[in-house]
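I opened this model to look up a few items and kept notes as I went.

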Amino acid sequence: MPYLGSEDTVRELRRALSNPNIQSDPLRYRNSILKVIRAMSQGVDVSGLFSEMVKACATVDIVQKKLVYVFLCSYASLNPELSLLVINTLMKDCQDPNPMVRSLALRNMINLRLPSLVEYVQQPLTAGLRDRAACVRRVAVLGWAKLHNLQPRSEIDGAVVNELYGLLRDPDPVVMVNCLRALDEILKEEGGVAINKPITHHLLNRLEELDVWGQCEVLRVLQRYRPQAENELFDILSLLDASLVSPHPSVMAATLSLFLVLCPDLPAVSIAALERVCGPLLAACGSVSRETRFAALCHIQLLLRSLPGLMGAHYKRFFCGYAEPAYIKQRKMQVLVELVNDDNVAMLLDELKGYCTDVNTDTAQAAISAIGRIGRSYSDKCLEILTGLLGLKQEHITSAVVQTMRDLVWVCPQCSDTVCSALEGCEETLQDSQGRQALLWLLAVYGERVSSAPYTLEGFIDGVRSEASLGVKMELLTTAMRLFVCRPAETQDMLGRLLHYCIEEETDMCVRDQALLYYRLLHCGMEETRKVLGGRRSELSLGVLIGRPAEPISQWAYSFNTLEPLKQGGVETEPTSRGSPQHVTFDLNNDLSDTLNGSQIEEVHSGSDASCGFSFSSPDVLSLSLSPALSPQEFERLWTQQLDWHAEKGAEELEEEEDYVCLEEHIRCPAIPHCSPQSLQAAMQLVNIQTLAFTSAHTTPWRVYLYTHTQQAARSTLIVGELLYVGQEDEDVAGEEAGLSAGELVRPHGPEEEVKVTLKQQPRDDKALKGFLSILTAVLHTLSSESNSTRTQKH
């Protein structure tokens, strides 16, 4: 914002610049120009001095020239006509004997950024490429890139491009790197600078001459080159060996990224490279720069997705310092969770316990959450710590502990007894809505084991009028109903008061509608209410799986040394998985048969959704991924939500729906319901399909719940599915009830057993869904044939 009195300031500066006595004194004249630049930096509009400053550029004083050029580049767009007056001076300076003057004039001629000056700039830029001084060639090379940005639709002369390619062998290393950047910019639409074998080896041989920035730039460009033979590949790796342990973290990261890109088919080489950079990465974690430490921690998390034991011996290096910022402490705790094993679990838990009382509430809650994730493998030790933290009676600690216990009992039901005994008196400390929702959920599920559950619930109901959180009110309704089912005598009165308030006085329609739903459900009788609210969330024979295979290095190699790890690092991974799941790319015409032992995909018979009008064609390339991971809670929510959606909508509405699709198919695979769960899980994980829950073998009805993410043509979708086999006996019973004998039963596919496949996809992608169904069919056929042959051999 211009200062008050700016007009007087400009008037005074104009008077000084026009004073012949000042112009005759170089020092006073330079000081006057310096005052103009100072006023410009302070927000004063000094564009009215443009003509005086144009006159001032005609000087031999280099300092004065620099000051004047700063002014002209700032105000040239406001005075395009007057800017033409400075061209003669700039053209003259481009031929000055002093190379500093030539480079300065050439740089500022481009920085004026006026399309009308393009015709005057091309000739000095061309001459600058052949200048004897390296500083002029540096400016001229970048000048062509700036000229291309100024007129992106105009084509650069092919002779200039060839000359830039020739300057890749310039003796000055900065000129060589500037040529790479300029060619990348000019040839952007063609894929950037072309890298062949001679250029690659020339750049690698001169790598030591470059500064840190230049080395990173060269290593980035070299990722486009693919060696033609294995001998050439190892020659390149030998030249890169010294840079792999560079003391500069940026050079080390760029070199490792190039290693991983060049060796996708040599996992042993990639692993050896990762092991060598452990030292530099750990050193970067102790850097003075907080940004460097944070980036190093994010990239270490990336490495641990494939090699969980890589940093296991150095876990103490990730202990948090007192003065470290919260975001670094939280990232270190995420790394510590990945490094837990039987030998260090006691020390790590003791360290994390100390962080739980950190003055920063976010850090304390992150430490409690980390202990909860470790508790999925070491539940007894972690529950002891969590229970002790409840005794501190601090609001944010109690809230985080209750939320952690809720998540822990979901995947570790054996912890429920300890959690129930620890809930006594927690409601007095909880103030935030997330903690109260977690407590109410625990009371709803395990209320019959908590002796004080009705009294705790009564306190919530008495304060419902002053409750501001919508989520707490809805959770309170569900808890009261579920507690009424198991303990009716103690909760009947308070449930009535709660329903009366929510129906008659509550203004929020969501709460009111949920209360009306429960009120009408109670009119259906206690048996029906108990069936709806008191049922198990999953079948007795289903077991939740949280383990996932290590991710291949090739999956994240291209994201190494980019901003991607910094964005993804905030997502906490499961401790037992030691990283995110892998991606597998299928060429359905070639790779699938090789991956699954040449099994043929049989004809799939349409089920109930065949009328939806699917017209699939097999996709050429389909990538399956388990990242981001889907928790059991998220899966249940998506499955039930989409199941209800599918029931409410008709076939015509589903066909028009763009964001959701449901498909049901029947697959003939005789022995698949009898294969072991371990074999099923291993086969699914081989092709990146996660079996989230499954029924034991030889059990009817037999179910499997699974999910995956598809990636095709830069579009990602989520697929959740269910495999269901009801059993031959159930079909016979249904036929007898219909009055048919065993011989009259119609089995359209003969005696072979059918598995019903139900798939839900969002957003809709018909080709990806059909491709996934083909992959799933091939997996089931392979398993079925192997299981059938095993059973035959036993008989």
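**Entry 1: confidence**

I noted at the start that this is a predicted model, so I looked up pLDDT before anything else. The protein chain averages 81, and 83% of the residues score at least 70.

I then asked which elements of the protein chain have the lowest and the highest mean pLDDT. The lowest belongs to strand β3 (residues 605-606), with a mean of 34. Helix α21 (residues 345-355) has the highest, with a mean of 94.

Over residues 571-620 the pLDDT stays under 50. For residues 571-620 I found 135 contacts in the model beyond four places in sequence. Residues 729-752 are also a stretch with pLDDT below 50, and there the model has 16 contacts beyond near neighbours in sequence.

**Entry 2: α16 and α17**

I looked up how helix α16 (residues 249-262) and helix α17 (residues 267-276) pack. Their axes come within 9 Å and cross at roughly 165°. An angle over 145 degrees counts as roughly antiparallel, and I therefore recorded α16 and α17 as roughly antiparallel to each other. The crossing of α16 past α17 is left-handed.

I listed the residues that make the contact. From α16 they are Leu256, Phe259 and Leu260; from α17 they are Ser270, Ala273 and Leu274.

**Entry 3: Gln215**

I found Gln215 in helix α14, which spans residues 212-221.

**Entry 4: Leu477**

I placed Leu477 in helix α28, residues 470-486. The relative accessible area of Leu477 is 0%, so I put this residue down as buried.

What does Leu477 touch, not counting residues up to four places away in sequence? I wrote down Leu498, Leu499, Cys502, Val511, Gln514, Ala515 and Tyr518. For one of these, Leu499, I also looked up the separation from Leu477: 22 residues in sequence and 7.9 Å in space, C-alpha to C-alpha.

Technical notes
Residues numbered from 1 in each chain as written. Predicted model: local features only at pLDDT ≥ 70, side-chain atom pairs only at ≥ 80, totals over all residues. Heavy atoms only, no water. Helix = DSSP H or I, 4+ residues; strand = E, 2+ residues; numbered from the N terminus. Axes fitted to C-alpha atoms, helices over the stretch in contact; angles between N-to-C directions. Parallel < 35°, antiparallel > 145°, perpendicular 65-115°, else oblique. Left-handed = near helix turned anticlockwise from the far one by under 90°. Contact = heavy atoms within 4.5 Å. pLDDT = per-residue confidence, 0-100. Buried < 20%, exposed > 50% of the residue type's maximum accessible area, 1.4 Å probe, protein only.
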